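Biologist: Hi, I'm new to this one. Could you show it to me and walk me through it?

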Amino acid sequence: EEGRVTDKTLHAPTPGPTPPRQKSHKALTLDDRTTSSVPLRTYLSYLGSVRSLPLLLLSLATYLSSNFFQARQQSLLSNLQSASVGPLKACAIVVAVSQFLRSALTTTSGIRASQHYHNSMLSSLSK
């Protein structure tokens with residue numbers, strides 16, 4: 001009697017519910033993390049990768065002028081009189097322009113640095 005299944009046929013055990021997987025990694029706790037300061041050479045390397053001293057100096061100048069005129073604007077606001085509205089408007093314009101230039105120059109510096117590192121990485125792969 002071929003093809004006939006009898007009660008004596010061995011059946012593979014049916015799999016039960018699978019046990020939950022144990023995580024192979026443990027969550028970091030505050031004690032597991034290491035913290036340290038970024039070495040100065042990392043910052044210097046990044047600034048050097050911009051490859052434009054005038055661009056870096058202009059960026060720095062916009063940060064300084066923006067902060068200076070914001071402080072001046074706050075000083076004018078603390079002593080506000082109706083006659084001193086003109087200098088307040090001038091400070092507001094200078095702050096707005098310097099912050100715009102600061103953002104544009106910082107972004108340009110970052111793009112130049114990224115392009116330098118990207119090109120260096122690609123050229124090292126092709127060697």
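Modeller: Here is a short tour, from the overall fold down to single residues. It's a predicted model, so to speak of local features we need pLDDT of at least 70, side-chain atom pairs count only at pLDDT 80 or more, and totals for chains, interfaces and linings use all residues. Residues are numbered from 1 along each chain as its sequence is written, and side-chain values use heavy atoms, with hydrogens and water left out.

Biologist: Okay, how many helices and strands are there in the protein?

Modeller: Three helices and zero strands. From the N terminus on, the order is α-α-α. Helices here are DSSP runs of H or I with at least four residues, strands are E runs of at least two, and both are numbered from the N terminus.

Biologist: And how much of the protein is buried?

Modeller: Buried residues are 14% of the 127 residues. Buried means under 20% relative accessible area, exposed is over 50%, and partly exposed is in between, using a 1.4 Å probe and protein chains only.

Biologist: How do H2 and H3 cross?

Modeller: H2 covers residues 53-78 and H3 covers residues 85-125; their axes come within 8 Å and cross at roughly 155°. That makes H2 roughly antiparallel to H3. The crossing is left-handed.

Biologist: Which residues of H2 are buried?

Modeller: Leu55, Ser59, Thr62, Ser66, Gln73 and Leu76. They pack against H3, where contact means heavy atoms within 4.5 Å.

Biologist: And which ones are buried in H3?

Modeller: Leu88, Cys91, Val95, Ser98, Arg102, Leu105, Ser109, Gly110 and Ala113. Those pack against H2 and also helix H1 (40-48).

Biologist: What does Ser98 touch?

Modeller: Not counting residues up to four places away in sequence, Ser98 touches Thr62, Ser65 and Ser66. Ser98 has 5% relative accessibility, so it counts as buried.

Biologist: Is Val94 buried or partly exposed?

Modeller: Val94 counts as partly exposed because its relative accessibility is 31%. Val94 is in helix H3 as well.

Biologist: New topic: what is phi of Arg51 near?

Modeller: Near 60°, which is positive in a residue other than glycine. Most residues other than glycine have a negative phi. Arg51 is in the loop between H1 and H2.

Biologist: Last one: how far apart are the end C-alpha atoms of H3?

Modeller: They are 60 Å apart, which agrees with the 60 Å that its 41 residues should span at 1.5 Å a residue. The expected span is 1.5 Å times one less than the number of residues.

Conventions:
Axes fitted to C-alpha atoms, helices over the stretch in contact; angles between N-to-C directions. Parallel < 35°, antiparallel > 145°, perpendicular 65-115°, else oblique. Left-handed = near helix turned anticlockwise from the far one by under 90°.
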